[in-house]
Structures are given as structure tokens and as C-alpha cells.
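This briefing covers aromatic ring pairs and surface pockets. Please read it alongside the sequence and the model shown below.

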Amino acid sequence: MIWHTVWFKLKEGVGAADKEAMLAALRALPEQISEIKVLSCGLDYSGRSAGYEVGLVVTFENREGLEIYGPHPAHKAFGDQFRPLWEDVKALDFEA
């Protein structure tokens with residue numbers, strides 16, 4: 001199983017409506033990208049995330065699934081739409 005984890009640090013002033021729209025768009029990705037096995041996302045509630053507010057975990061059956069996901073048009077469209085909200089993004093991919 002491949003785990004793709006992402007932390008999003010949002011720009012100052014990004015409102016609740018934009019955050020919810022971003023989460024809704026992430027949650028819609030499995031309907032558009034069949035390689036996604038499980039997708040979970042949400043807002044940080046602990047305050048221990050060094051300013052990163054949105055977390056994402058996506059699982060794939062294998063590395064090929066992750067390789068298809070990266071350039072997939074639905075994934076690219078998500079980035080194009082929401083990238084203006086981000087100050088920084090960190091990603092970590094691992095196999096477990």
C-alpha cells in the first residue's frame with residue numbers, strides 16, 4: 001500500500017468558506033481518479049502543525065497508482081484552482 005500525505009499551509013486571511021471548498025474538492029477526487037483507494041482530509045485542530053492547517057492522506061494499491069494520480073487532469077485542476085490559497089505545501093510518500 002502506498003501512502004501519500006500532504007500538509008497545506010494556507011496564506012493569511014484564507015476564510016472558512018475557501019477552506020471548506022478546498023476540502024470538498026479533495027473529497028471529490030476519488031470519484032474522478034479510480035486509482036485512489038482511500039482519501040481522508042481535514043483541518044488541524046491541535047495547533048501542533050507549525051501553521052499547516054489542512055491535512056490530506058491518500059492511499060493507493062501500488063506506486064503506479066500514485067504515478068497516475070500526480071499528472072491526472074482532476075488532480076491538476078484541483079491544484080490550479082486552490083494553489084492561490086497556499087503559502088507552502090509539504091508532501092511525503094511511503095510504502096507500508
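In sorting lining residues, Ala, Val, Leu, Ile, Met, Phe, Trp, Tyr, Cys and Pro count as nonpolar, Asp, Glu, Lys and Arg as charged, and the others, Gly among them, as polar. The model is predicted. On that scheme, the lining of the second largest pocket holds 9 nonpolar, 4 polar and 2 charged residues.

**Second largest pocket**

- The volume of the second largest pocket is about 170 Å³.
- Its lining is made up of 15 residues, and Phe-8, His-75, Phe-78, Gly-79 and Trp-86 are the closest to the centre.
- At least two lining residues come from each of β1, α3 and β4.
- With 4 residues, α3 gives the most to the lining of the second largest pocket.

**Largest pocket**

- Trp-7, Asp-44, Val-54, Gly-55 and Leu-56 lie nearest the centre of the largest pocket, among the 14 residues of its lining.
- Strands β1, β2 (36–43) and β3 (54–60) each contribute at least two residues to this lining.
- The largest share, 4 residues, is supplied by β3.
- By class, the lining of the largest pocket has 8 nonpolar, 4 polar and 2 charged residues.

**Aromatic pairs**

- Ring centres within 6.5 Å define a pair, and by this rule there are 7 aromatic pairs.
- One of them joins Trp-3 and Phe-94, which are stacked, with 6.2 Å from centre to centre and 5 degrees between the planes.
- Trp-3 belongs to strand β1 (residues 2–10) and Phe-94 to strand β4 (residues 86–95), so this pair ties together parts that are 91 residues apart in sequence.
- Trp-3 is partly exposed, at 32% relative accessibility, and Phe-94 is also partly exposed, at 35% relative accessible area.
- Phe-8 and Phe-78 make an edge-to-face pair, with 6.3 Å between centres and 75 degrees between planes.
- Because Phe-8 sits in strand β1 and Phe-78 in helix α3 (residues 73–82), the pair ties together parts that are 70 residues apart in sequence.
- Both Phe-8 and Phe-78 are buried.

**Aromatic cluster**

- Phe-8 and Phe-78 belong to one aromatic cluster with Phe-82 and Trp-86.
- Phe-8, Phe-78 and Trp-86 are also among the lining residues closest to the centre of the second largest pocket.

Note on methods. Residues numbered from 1 in each chain as written. Predicted model: local features only at pLDDT ≥ 70, side-chain atom pairs only at ≥ 80, totals over all residues. Heavy atoms only, no water. Phe/Tyr/Trp six-rings, centres within 6.5 Å; stacked < 30°, edge-to-face > 60°. Buried < 20%, exposed > 50% of the residue type's maximum accessible area, 1.4 Å probe, protein only. 1 Å grid on protein atoms, 1.4 Å probe; cavity = no way out; pocket = protein on both sides within 12 Å on 5 of 7 lines; lining within 4 Å. Points joined across faces, edges and corners; volume = space filled by probe spheres on them.
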